[in-house]
Amino acid sequence: WTRVATVGGGRSDSCPADPFSRPFFFRDNSPELEVGVTYHYRVVAQGDGEEASAPVRTTPLPPYHAPLIAPADEAVGVSRTPDFVIGHPQLAGEADGAAYILVLWDTLTGREELVAWYTLDGAFLFVEFGTGPDGNGIPQGEALVYGFPQGVFTVFTDTAGLLDPNRPNRIPVDVARGRVTLPYDFDGLAVLPQLQAFRTYAWQLWVSFAYRYEDGRVSAYSIHTWPSTAAPFRISRPGTEVFDFTTGE
C-alpha cells in the first residue's frame, strides 16, 4: 500500500449518508491514474493505534460521449410526437450503465425556462445494457431502463423480465447498435401532449454520464455533460451539441 493522502485531524461521530457531507473524505484525482487499470484503496484510522478498513477498488473509465442521432440537426417535417434517438456506447467503454436527462427547448410556448420537456422532470434516466453477473447483474444482450420521476422508482424497459416479465417496454433499446430511443412524452411530463405544427424546436442532453459498479457499488464515473457544480460530482462539463428540427403537420 502507498499513502496517497492524509485527511481529518480530529474526531467526529457524524456520518451522513451523503459522503460529501461527512467530516472527512478524499477524492483521488491523481494524474497517475490510468484508464482500465484497477486501483485498490483502504483507509487507515490513526489514534492511539491504527485500524485499517476493508479495501475497495475502482477502475477509471475512458471518456464517454453519447451522440445525438435523431431527429437530425436541421431536419424538417418531423413528427409532432417525435422519437429522440441517442447513442449509448456503454459497452464499448466497459461501463455498467449511463444516466441521462434530455431537454427539449421551446423559445415560444415553453414554461419559464423556455423548456417544452425535461425527461422525468429533471430526474436521471438510467440505462443499463447487460454486463452479466460480474457487472450490473443484467444478462448480456438485455437491458434495463429505469428512473425516479417525482421520487418514485419506475421501470420503463426490462427486456429480460428481471423485475416484471409482464411489464411493457416503453423505451426501445438496440443493444447491438448501442442506441436508446426516447419517445416524446413517454413519462407524461411534457408541457404539451404533442408539439405544434411547423414549429422549430431544439433538443440536447442536459446530463450524460457513464458509471461502473465494483463490489456492489458505483466506483467510477465518466462525465459527458453535467450542468452544475452540485452533487454528486461538484464539477461541471459543457453542454452537448444542440440539434434544431422543424415539425410537420
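# Close-up views of the predicted model

**View A. Strand β15 has 12 buried residues out of 15, so this strand is largely enclosed by the rest of the structure.** The model is predicted: local features need pLDDT of at least 70 and side-chain atom pairs count only at pLDDT 80 or more, while totals for chains, interfaces and linings use all residues. Residues are numbered from 1 along each chain as its sequence is written, and side-chain values use heavy atoms, with hydrogens and water left out. Buried means under 20% relative accessible area, exposed means over 50%, and partly exposed lies in between (1.4 Å probe, protein chains only). Strands (E, at least two residues) and helices (H or I, at least four residues) are DSSP runs, numbered from the N terminus. Two strands pair if DSSP finds at least two bridges between them. Strand β8 and β15 run antiparallel and are joined by nine bridges; L102 stands opposite L205 of β15. β15 also pairs in the antiparallel sense with strand β17 (residues 243-247), over four bridges. Here Y201 has F245 of β17 as its bridge partner.

**View B. Strands β15 and β16 form a hairpin with two residues between them.** β15 covers residues 200-214 and β16 covers residues 217-225; seven bridges join the two, which run antiparallel. Y211 stands opposite Y221 of β16, and F209 has I223 of β16 as its bridge partner. In the turn, D215 has a positive phi of about 55°.

**View C. Strands β11 and β12 form a hairpin with six residues between them.** The two strands run antiparallel and are joined by four bridges. Y146 stands opposite V155 of β12. Q150, in the turn, has a positive phi of about 50°. Strand β12 (residues 154-158) is mostly covered, as five of its five residues are buried.

**View D. Four strands form an open sheet in the order β5-β7-β14-β13, with antiparallel pairing.** β5 and β13 (173-174) stand at the edges with a single partner strand each, so one side of each is left without a neighbour in the sheet. β5 is joined by two bridges to strand β7 (residues 83-87), and this pair runs antiparallel. A70 stands opposite V85 of β7.

**View E. T59 lies in the loop between β4 (56-58) and β5 (68-70).** This residue is buried, with a relative accessible area of 6%. Contact means heavy atoms within 4.5 Å. Leaving out residues up to four places away in sequence, T59 touches G36, V37, T38, R212, E214, S219 and A220. A polar contact is a pair of N or O atoms within 3.5 Å; within protein, one must be able to donate a hydrogen and the other to accept it, and residues adjacent in sequence count only if both atoms are side-chain atoms. The side chain of T59 makes such a contact with the side chain of T38, at 2.9 Å. D187 is 128 residues from T59 in sequence and 34 Å from T59 in space, C-alpha to C-alpha.

**View F. D106 lies in the loop between β8 (97-105) and β9 (115-118).** D106 counts as buried, at 1% relative accessibility. Its side chain reaches the backbone nitrogen of L108 at 3.0 Å. Not counting residues up to four places away in sequence, D106 touches L114, V115, A116, R199 and Y201.

**View G. N136 lies in the loop between β10 (125-129) and β11 (143-147).** N136 has 15% relative accessibility and counts as buried. The side chain of N136 reaches the backbone nitrogen of I138 at 3.0 Å. Among the residues that N136 touches, not counting those up to four places away in sequence, are Q90, D96, E128 and Y213.

View H. Of the 249 residues, 39% are buried. Among contacts with a separation of 6 or more, 56% come from residues 24 or more positions apart.
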